[in-house]
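Biologist: Before we discuss the details, could you put the model up and take me through the helix packing and the core?

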Amino acid sequence: MPLVATGEIVGRAVRAGLGAGAFNVIQIEHAQAIVAGAEAAGAPVILQISENAVRYHGALAAIGRAAVEVAAAARVPVAVHLDHATEPALVREAVGLGFGSVMFDASALDYEANVAATAEVTADCHAQGVWVEAELGEVGGKDGVHAPGARTDPAEAAAYVAATGVDALAVAVGTSHAMVVKAAVVDLGLVAALRAAVPVPLVLHGSSGVPEADLTRAVEAGLTKVNIATHLNVAYTRAIRDHLAAHPEAVDPRRYVAKARDAVAREVARLLPLLRAVAL
């Protein structure tokens, strides 16, 4: 199936009142596993590569091209998205590689600087038909510090979208990145207020820390694109640990990494229905 645009997946989900699962890729096995899980669930999916993953690989091109190829070979709609890019140069590189969307993260800047930087990137991307996500109300945890008290103001969010022209907005509603326990409390009332005020799809970052029943409630309250990374990494790592504990003589990484890939595929297939990301 040809590569599809993130905006197409998210737009169809919005119109149907459903969610769209977005899962982060670190290695090619992550991309393969995420697509396999989406195929098992019969759901579209978004592959995300973050700026941190780019830094790990030393460059975007190799892992970016691999993700595009995996997506293009899928039997369900798959989009490829750049996640948490803070540098316009990385955005331009992703667009050149065929990514259909980017998340430009200027949330560490003050409001006026965030608006100016994001508006410029958005105009450049729109000129090339690329969908843009941005963030307002910083979601903590990227550097290991959780900030569950951060909140996005609905009126400010609406003004921000109007000023920048972005296609989707990541909002702070009680979650935090890099959580390995499901203790985040999503402010569903705030989600509903943001949904009423903001004319573009809303994105939940830091979803790995949300109890699974609350993921469904968050989508029902008005969140559409749901980002999950750490939860899959926990499953990936646990599978490798279990295999090596049972087979201490193992030296071929294909044996234990395959177990990790299978574990991630199972989790993606299980999570997508919870996000109501089906039947699109």
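Modeller: H2 and H4 are roughly parallel to each other, a label given to angles under 35 degrees, with over 145 counted as roughly antiparallel, 65 to 115 as roughly perpendicular and the rest as oblique. This is a predicted model, in which local features need pLDDT of at least 70, side-chain atom pairs count only at pLDDT 80 or more, and totals for chains, interfaces and linings use all residues. Residues are numbered from 1 along each chain as its sequence is written, and side-chain values use heavy atoms, with hydrogens and water left out.

Biologist: At what angle do H2 and H4 cross, and within what distance do the axes come?

Modeller: The axes of H2 (residues 28-41) and H4 (residues 61-72) cross at roughly 20° and come within 9 Å. Axes are lines fitted to C-alpha atoms, for helices over the stretch in contact, and angles run from 0 to 180 degrees between N-to-C directions. Helices (H or I, at least four residues) and strands (E, at least two) are DSSP runs, numbered from the N terminus.

Biologist: Which residues of H2 and H4 make the contact?

Modeller: Ile28, Ala31, Gln32 and Val35 of H2 meet Ile63, Ala66 and Val70 of H4, where contact means heavy atoms within 4.5 Å.

Biologist: Changing topic, which residues have the most contacts inside the largest nonpolar core?

Modeller: They are Phe23, Ile34, Leu47, Ile49, Val91, Phe99 and Val102, in a core of 79 residues. Such a core is a set of buried Ala, Val, Leu, Ile, Met, Phe, Trp, Tyr and Cys residues joined through side-chain atoms within 4.5 Å. Buried means under 20% relative accessible area, exposed over 50%, partly exposed in between (1.4 Å probe, protein chains only). Helix H11 (residues 253-274) gives the largest share of this core, 9 residues.

Biologist: And what is Ile34 in contact with, leaving aside its neighbours within four places in sequence?

Modeller: Ile34 then touches Phe23, Asn24, Val25, Val45, Leu47, Leu232, Val264 and Val268. There is also a second, separate core of 13 residues, including Val10, Ala79, Ala168 and Val203.

Biologist: Which residues of H1 are buried?

Modeller: In H1 (residues 6-16), these are Thr6, Ile9, Val10, Gly11 and Ala13. They pack against several strands, among them S1 (20-24), S3 (78-85) and S8 (223-228). Just after H1, Gly17 has a positive phi of about 70°.

Biologist: Lastly, how do H8 and H9 pack?

Modeller: H8 (residues 188-197) and H9 (residues 212-221) pack at about 25°, with their axes 9 Å apart.
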